[in-house]
Amino acid sequence: DIGDPPELRGRSRGWTPVHAQLAALAACTSITIAVVARDQGFRHAGLETKLRSLIDIRGFFFDLHLQPKYQQLNFDLRLDTRESAARVRALAQETHRRCPQLGLFRLAKIPMLVTWYRKSSSKPLFEERFSLGRGRTPEEKLIAQQAPSR
């Protein structure tokens with residue numbers, strides 16, 4: 001049962017195709033982290049992943065001249081580890097290189113912000129931007145547009 005509403009032949013009970021796609025990205029990255037951590041002798045007691053997507057679906061519903069697309073993905077990874085920030089960075093960079101799903105998103109040039117944290121900390125240990133230029137991200141621009149003007 002797909003999670004789309006009835007007018008799209010779903011019953012709003014399961015995952016949408018976008019949910020499944022993002023879950024595949026999180027699962028593949030988690031597996032790759034386990035393999036890379038083993039290879040690097042990196043010790044951790046757990047991993048949490050969180051994905052948020054900003055997707056423009058106007059071309060699906062309203063403006064048929066537009067191609068529906070991700071404007072930005074935010075992928076947060078929280079490791080339960082005492083390893084140094086340098087070791088987390090090394091794990092992250094090798095994971096980004098080896099993960100097939102991350103590779104697909106990167107090849108598709110989907111703007112993505114991947115941020116690694118230590119569990120229970122809001123301070124990033126490592127952050128990598130893929131297909132995001134310098135300056136404000138699409139998400140930050142959208143938030144600024146929605147803020148009431150003074």
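Predicted model: local features only at pLDDT ≥ 70, side-chain atom pairs only at ≥ 80, totals over all residues.
Why does Ala23 count as partly exposed?

Reply: Residues are numbered from 1 along each chain as its sequence is written, and side-chain values use heavy atoms, with hydrogens and water left out.

Ala23 counts as partly exposed because its relative accessibility is 26%, and a residue is buried under 20% relative accessible area, exposed over 50% and partly exposed in between (1.4 Å probe, protein chains only). Ala23 belongs to helix α1 (residues 17-40); helices (H or I, at least four residues) and strands (E, at least two) are DSSP runs, numbered from the N terminus. The C-alpha atom of Ala23 is 19 Å from that of Asp56, which is 33 residues away along the chain.

Turning to strand β3, 6 of its 7 residues are buried, so that the strand is mostly covered. The strand belongs to an open sheet of 4 strands, in the order β1-β2-β3-β4 and with mixed pairing, where two strands pair if DSSP finds at least two bridges between them. Because β1 (46-56) and β4 stand at the edges with a single partner strand each, one side of each has no neighbour in the sheet.

On one side of β3 lies strand β2 (residues 69-80), which runs parallel to β3 and is joined to it by 7 bridges; in one of these pairings, Asn74 has Leu113 of β3 as its bridge partner. Strand β4 (residues 124-130), by contrast, runs antiparallel to β3, with 6 bridges joining the two. Here Met112 stands opposite Phe130, and Tyr117 stands opposite Pro124. The hairpin that β3 and β4 form has 5 residues between the strands, and in this hairpin Ser120 takes a positive phi near 70°.

Strand β3 also has a part in covering helix α3 (residues 85-98). The buried residues of α3 are Val88, Leu91, Ala92, Thr95 and His96, and what covers them includes β3, together with α1, β2, α4 (100-107) and β4, where contact means heavy atoms within 4.5 Å. The exposed residues Ala86 and Arg97 are carried on the face of α3 turned away from its buried side.

Definitions and conventions. Expected span 1.5 Å × (residues − 1).
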